[in-house]
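Let's take a walk through this one together. Have a look at the picture first, and then we'll go piece by piece.

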Protein chains: 2
Amino acid sequence: MWIGTTAQHAIRAVLFLAGKPPGVPIRVDEIATALDLRRNYLSKTLHRLVRTGVLRSGRGPRGGFQLAIAPARLPLGQVIGPFQPAGELRCLMGRSGCGGSHPCAAHSRWSNVADAVEAFFAGTTVASLQGEVAARPQTAPHLDRKPQGRRKIG
Amino acid sequence: MWIGTTAQHAIRAVLFLAGKPPGVPIRVDEIATALDLRRNYLSKTLHRLVRTGVLRSGRGPRGGFQLAIAPARLPLGQVIGPFQPAGELRCLMGRSGCGGSHPCAAHSRWSNVADAVEAFFAGTTVASLQGEVAARPQTAPHLDRKPQGRRKIG
DNA sequence: AAAGTTTATCATATTGACATGATAAATACT
DNA sequence: AGTATTTATCATGTCAATATGATAAACTTT
C-alpha cells in the first residue's frame, strides 16, 4: 500500500476537522462515526498528530480535537509524516547509499517518480483538498464504497 | 515501503540474471551470495517468478534459474507483479470506488502521481536498467551499503 | 540403480502494522 | 468535593510480510 491505513485515517480525520469551524473542539466519537472508524484506535492515531503539533486536544467536557495549523499551511506530508514506516522512497532497491556517485541501476529513472511523490505530499495542502471537495457536486455517500475494478501497478 | 523487500530481491535477482549469458542456468547459491541474501528465501522468491513465467528453473546438477523473457521485453512491473500486496495505488485514501463521478478529495492531484508510477513500472524494462549500469564506471561494491542520510516522504 | 546436487516445499518463527477493549488521567460542571 | 465526560494509555490480540531450517522431489552423472 502506498500509504498505510493509519495514515489514511489521519488524512481523512484532518480533512474532516478542516471542514469544521475553527476553535471548536470535535470529539473523537463524532469523527469516528463520520469516518466509520473505531473510537479507540482513531483516538490513538489522532494523539500521534497531537504529539507532532498538527492537532490540539483537550480532555473532559468541552474536550476534543482541533487543527493546530491553518489548512493552507498544512501539507499532506506533515499529516502522514508520523505514520510513514522506516522504508525509503529514494531508492527503488532499498539501497541506503544509492545516489550521487553510487547510483543503483534504477536511480535516474526512479528519481523522477520519487520527485513527483515528494512534490505531491509537500505541495498538496489540506486547504487545497477542501477546495477540491467543494468544487464537486455532492453525491450519495453509500455509492462511494462499492467494490469495482481495482488496479495494481505493473 | 514503496515496494516490498521481496519485490526488491526479485528485481535485483532478475537484473543479476540479465547480466549473465543467456541459456546458462545460474544456481540460487550463486545469486544469493552475489546479492547477500539467504538461499532458501531467495529460492522461494525466484520460484514465484518461475510460476509467473518470468524465469525458468531446473533441478539437480545443471539446474538453476534463468530468464524466460528477453530483458528488452521484460518491464519491472512484470517482475514485481507477484509480490504486490492487495493494496491499491489509484486512490490515496484507499476508497475503492474513487474516480469517475465519485472522486475523493485528492483524486485529481494524486492521479498524476499514480500515472507516473504506473508508467515507470510499465515502461522501464530490465534491458533499459542494464544500460544504466553499463553506462556508469564500476565502483567498489563494499561502499554501496554504507548507511547515510535517509529521506522519508513528507 | 546409486550417489550427489539442486530446486521445491513444509513447518515454524519473528516482526511490525493494525486493531480492540479495559482502565487511568484530566477536565468541566454542579 | 463529587460526578460525568472525554482523551490518554495499557494490555492484549490478529494478521500478513518476512524469514529460517529441515525435508522432499527431481535431475545428472557415474
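## The surface near DNA strand D

Sort the residues of the surface near DNA strand D by class and you get nine nonpolar, 13 polar and seven charged. Keep in mind that what you're looking at is a predicted model.

So who sits nearest? Out of 29 residues around DNA strand D, the nearest are A:Arg27, A:Ser57, B:Gly4, B:Arg38 and B:Gly60.

## The surface near DNA strand C

Now over to the other strand. There are 28 residues around DNA strand C, and A:Gly4, A:Arg38, A:Tyr41, A:Gly60 and B:Ser57 come nearest. Which helix gives the most to the surface near DNA strand C? That's H3(B), with six residues.

Several elements supply at least two residues each here: from chain A, helix H1 (5-18) and helix H3 (39-51), and from chain B, helix H2 (28-35), helix H3 (39-51) and strand E2 (64-67). By class, this surface near DNA strand C holds eight nonpolar, 13 polar and seven charged residues.

## Where two helices pack

Next, look for helix H5 (residues 107-123) in chain A and helix H5 (residues 107-123) in chain B. These two pack with their axes 10 Å apart, at an angle of about 165 degrees. Angles over 145 degrees count as roughly antiparallel, so H5(A) is roughly antiparallel to H5(B). As for handedness, the crossing of H5(A) and H5(B) is left-handed.

Which residues of H5(A) and H5(B) meet? On the H5(A) side they are A:Arg109, A:Trp110, A:Val113, A:Ala116, A:Val117 and A:Phe120, and on the H5(B) side they are B:Arg109, B:Trp110, B:Val113, B:Ala116, B:Val117 and B:Phe120. By class, the contact of H5(A) with H5(B) has 10 nonpolar residues, two charged ones and no polar ones.

## Chain A as a whole

Stepping back, chain A has six helices and two strands. Follow the sequence along and the pattern reads α-α-α-β-β-α-α-α.

How much of chain A is buried? Of its 154 residues, 37% are. Then there are the contacts within chain A between residues at least 6 apart in sequence: 60% of these join residues at least 24 apart.

Notes: Residues numbered from 1 in each chain as written. Chains lettered and ligands numbered in written order. Predicted model: local features only at pLDDT ≥ 70, side-chain atom pairs only at ≥ 80, totals over all residues. Near = placed C-beta within 6 Å. Helix = DSSP H or I, 4+ residues; strand = E, 2+ residues; numbered from the N terminus. Nonpolar A, V, L, I, M, F, W, Y, C, P; charged D, E, K, R; others polar. Axes fitted to C-alpha atoms, helices over the stretch in contact; angles between N-to-C directions. Parallel < 35°, antiparallel > 145°, perpendicular 65-115°, else oblique. Left-handed = near helix turned anticlockwise from the far one by under 90°. Contact = placed C-beta atoms within 7 Å. Buried ≥ 20, exposed ≤ 12 C-beta atoms within 10 Å, placed from the backbone.
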